[in-house]
There are 2 protein chains.
Amino acid sequence: MSRNPEEPVYNRIEEARLALGLSRQDLADKVGVHYQTIGYLEREEYSPSLVLALRIAKALNQEVSELFSQNPFKKGK
Amino acid sequence: MSRNPEEPVYNRIEEARLALGLSRQDLADKVGVHYQTIGYLEREEYSPSLVLALRIAKALNQEVSELFSQNPFKKGK
DNA sequence: TTCAAATGTTGCATTAATGCTACATAGCAT
DNA sequence: ATGCTATGTAGCATTAATGCAACATTTGAA
């Protein structure tokens, strides 16, 4: 599978982050990653490790399945 | 964070796999990875990518949060 | 016992995820 | 205009996740 460039993972990180009034830097700090990493994830340039996904979900008070999906999200949740 | 050797991810893949009567090879085939990879994950020698976690959850009919956690699982679910 | 299936162990190669730095751009105050 | 904050882009280095092969061990069936 080689870390799947073919099968992307969609996410609503940006939407959930903005809903909490957080900047990328804020979220990065809460989660313990570089702020650029949040940017890469929001732009879906790559998909996170499970550890990071779990941390982000916790930081944003969401279920992993609410934030990340193999299928595109519909508009407005 | 450098992919966290410090903060492990616990899982109940083996339990869920056995409950369905699947061998590691069976699960690996359903999920599209090498059968050794399932072994590594069950032994918690490393934690999967989010893509793989999503696929495993789907193959085992479980929520990601039911299968993977940052905190150890209690006995018998 | 013998055989096969399932699993464990080791080792090596490849690559995506992450860290980090630097610079550009856009928007919003002042 | 000036400055600050947030974000985008590009490049490079490191490392964990995965593939894969070979061999050992365990377990259960015949």
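Axes are lines fitted to C-alpha atoms, for helices over the stretch in contact, and angles run from 0 to 180 degrees between N-to-C directions. The structure is a predicted model, in which local features need pLDDT of at least 70 and side-chain atom pairs count only at pLDDT 80 or more, whereas totals for chains, interfaces and linings use all residues. Residues are numbered from 1 along each chain as its sequence is written, chains are lettered from A and ligands numbered from 1 in the order in which they are written, and side-chain values use heavy atoms, with hydrogens and water left out.

**Exercise 1.** Determine how H2(A) and H3(A) are oriented to each other, and list the residues that meet.

*Solution.* Helices (DSSP runs of H or I, at least four residues) and strands (E, at least two) are numbered from the N terminus. Step 1: helix H2 of chain A spans residues 24-31 and helix H3 of chain A residues 35-42; their axes come within 8 Å and cross at roughly 110°. Step 2: angles under 35 degrees count as roughly parallel, over 145 as roughly antiparallel, 65 to 115 as roughly perpendicular and the rest as oblique. H2(A) and H3(A) are therefore roughly perpendicular. Step 3: with contact meaning heavy atoms within 4.5 Å, A:Arg24, A:Gln25, A:Leu27 and A:Ala28 of H2(A) meet A:Tyr35, A:Ile38, A:Gly39 and A:Glu42 of H3(A). Step 4: by class (Ala, Val, Leu, Ile, Met, Phe, Trp, Tyr, Cys and Pro nonpolar; Asp, Glu, Lys and Arg charged; the others, Gly among them, polar), these residues divide into four nonpolar, two polar and two charged.

**Exercise 2.** Characterise the contact between chain B and chain A.

*Solution.* Step 1: chain B and chain A contribute 23 residues each. Step 2: the buried area (accessible area, 1.4 Å probe, lost on putting two parts together, summed over both) is about 2000 Å², with 63% of it on carbon and sulfur atoms. Step 3: zero salt bridges are counted between the chains. Step 4: on the side of chain B that touches chain A, H4(B) supplies the largest share, seven residues. Step 5: that side of chain B comprises eleven nonpolar, seven polar and five charged residues.

Key:
Salt bridge = Lys/Arg side-chain N within 4 Å of Asp/Glu carboxyl O.
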